[in-house]
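Hi everyone, thanks for coming.

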Amino acid sequence: MKEQKKNKAFRFRWYRRVGVMMWMIFSYLSLFAYIPDEIYVAEEGDRTAFARGLPIDVVEVEAAQPVFGPQRVGAAAENDGILLCRLFDLIPVKQVVVHDTSRQMVTAAGTNIGIYLKNSGVLVVECASFTNQSGALISPAAYRIRSGDIIRSVDGETVTSKEELIEAVEESGGRQIVLQVIRGSDVIDVAVTPEVAADGTNKLGLWVRDDIAGIGTLTFVTEDQDYGALGHGVSDLDTGELIQIDTGGIYETRITGISKGKRGTPGEVTGLIRFRPSAYLGTIGENGDNGIYGKLEQLPTALDEVEEIPVGYKQEITQGSAQIVCSVTGKRKTYKIEIENVDYHAREENKGIRYRVVDEELLDTTGGIIQGMSGSPIIQNGRLIGAVTHVFVDDPTRGYGIFIENMLTEL
């Protein structure tokens, strides 16, 4: 009996030690979710703001030091600092690269814009079949050309529009042609032989697109008239591929309707894009994962008297009250939201901020976040901290946003 009690006591102590050890490992690894890899800090900024509420001490070190666990330190430039985070001031946990910067001033826009993008080639939406002169259903390009491919040239001759592609195929006379195609990050040559359709024209059997237009929201404008918008890239609706642009522009737009968001059904802003010189605002120079960027030639009229505000960096964002600025009603207005979570390590860069719309007026008007609001500035404590990017399909009152620093670094 004594032996059994002794064994039982031993097992209890062993389980307790293992439990304590597992808890320590879990707590140690959990800290990685709350400590950023790198931060931007303005002159008056707090370099240790991210450590509030965490059981860590932060000290500045001259060079990266060995620590336990995964590390991604090494991107520090010559003038950057390195902060060492230690658990209970004893165990090195993580190192943070500090980019010292000036507090940038920008105009938080929140105005709707019309967006026009011209592909750098002809985008293949899908392969299709057609009837040839014998009455058979055929698709010459099937299994050779894929949805999402971008056709750049035919037999060495550049094509930039649907019309140029159609003309080149027709002029082939039914002989084999070579298409230069961008497929992902690769450039390949694909040989295809057009077929004569029932109407007597030569065809490949492709649905293609060479441009795209839509409505979004302008996020910010710098004093140099550089701008950022959307907070995410413009992708083709059918293929899901990011549009590779040749040229593009943004325009003043007039809101014509609102479809309210409901659970399972995203809402949408509809509008009329004014494609005329007087409504032209500026160029689109880049369409990237974190938004569209370019140079303004004229400021939207709604921003004529809007004052610049400072930007806020991710470690300065706190849970709680904030605002978004948008123009879904046709007028630039500010609405209340609650920031629920700040994720320094979101899998997608434009989902670092999670928030909930609490403004009754906006909820009555749109049901929450709807398509066309992407790019709406997020402001907290008088600083521009981010932009609206995504909505929860099952709950339109909640959505994601991108840290504004992720957009500014694209300029």
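Predicted model: local features only at pLDDT ≥ 70, side-chain atom pairs only at ≥ 80, totals over all residues.

Let's start with the barrel. Here 6 strands close up in the order E22-E23-E24-E27-E26-E25, and their pairing is antiparallel. On average, neighbouring strands of this sheet are turned by 45° against each other, ignoring direction. What holds strands together in general? Strands of a sheet pair through backbone hydrogen bonds, and they can do so in a parallel or an antiparallel way.

Let's zoom in on one pair. Strand E24, residues 353-357, and strand E27, residues 395-403, run antiparallel and share 4 bridges. If you want a landmark there, find Arg-356, which stands opposite Arg-398 in E27.

Next, the helix H2, which covers residues 162-171. Which residues of H2 are buried? They are Leu-165, Ala-168 and Val-169. These three sit on the same side of H2, because they cover an arc of only 100° around the axis. Now turn to the other side of H2: there Glu-163, Ile-166 and Glu-171 are exposed.

Now for a loop. Thr-265 lies between strand E16 (245-259) and strand E17 (268-273). Is Thr-265 buried, exposed or partly exposed? Buried would need a relative accessible area under 20%, and exposed one over 50%. Thr-265 has 46%, so it counts as partly exposed.

The largest pocket has a volume of about 870 Å³. How many residues line the largest pocket? There are 29, and those nearest its centre are Ile-215, His-232, Gln-371, Gly-372 and Ser-374. By class, this lining has 16 nonpolar, 11 polar and 2 charged residues. Strands E5, E14, E17 and E26 each supply at least two residues of the lining, and E14 gives the most, with 5 residues.

There is also 1 cavity of 30 Å³ or more, and the volume of the largest cavity is about 30 Å³. Its lining is made of Asn-119, Leu-123, Ile-150, Glu-241, Leu-242, Ile-243 and Gln-244. Sorted by class, those are 4 nonpolar, 2 polar and 1 charged residues.

Notes:
Residues numbered from 1 in each chain as written. Heavy atoms only, no water. Pairing = 2+ DSSP bridges. Axes fitted to C-alpha atoms, helices over the stretch in contact; angles between N-to-C directions. 1 Å grid on protein atoms, 1.4 Å probe; cavity = no way out; pocket = protein on both sides within 12 Å on 5 of 7 lines; lining within 4 Å. Points joined across faces, edges and corners; volume = space filled by probe spheres on them. Nonpolar A, V, L, I, M, F, W, Y, C, P; charged D, E, K, R; others polar. Buried < 20%, exposed > 50% of the residue type's maximum accessible area, 1.4 Å probe, protein only. Arc of directions from axis to C-beta.
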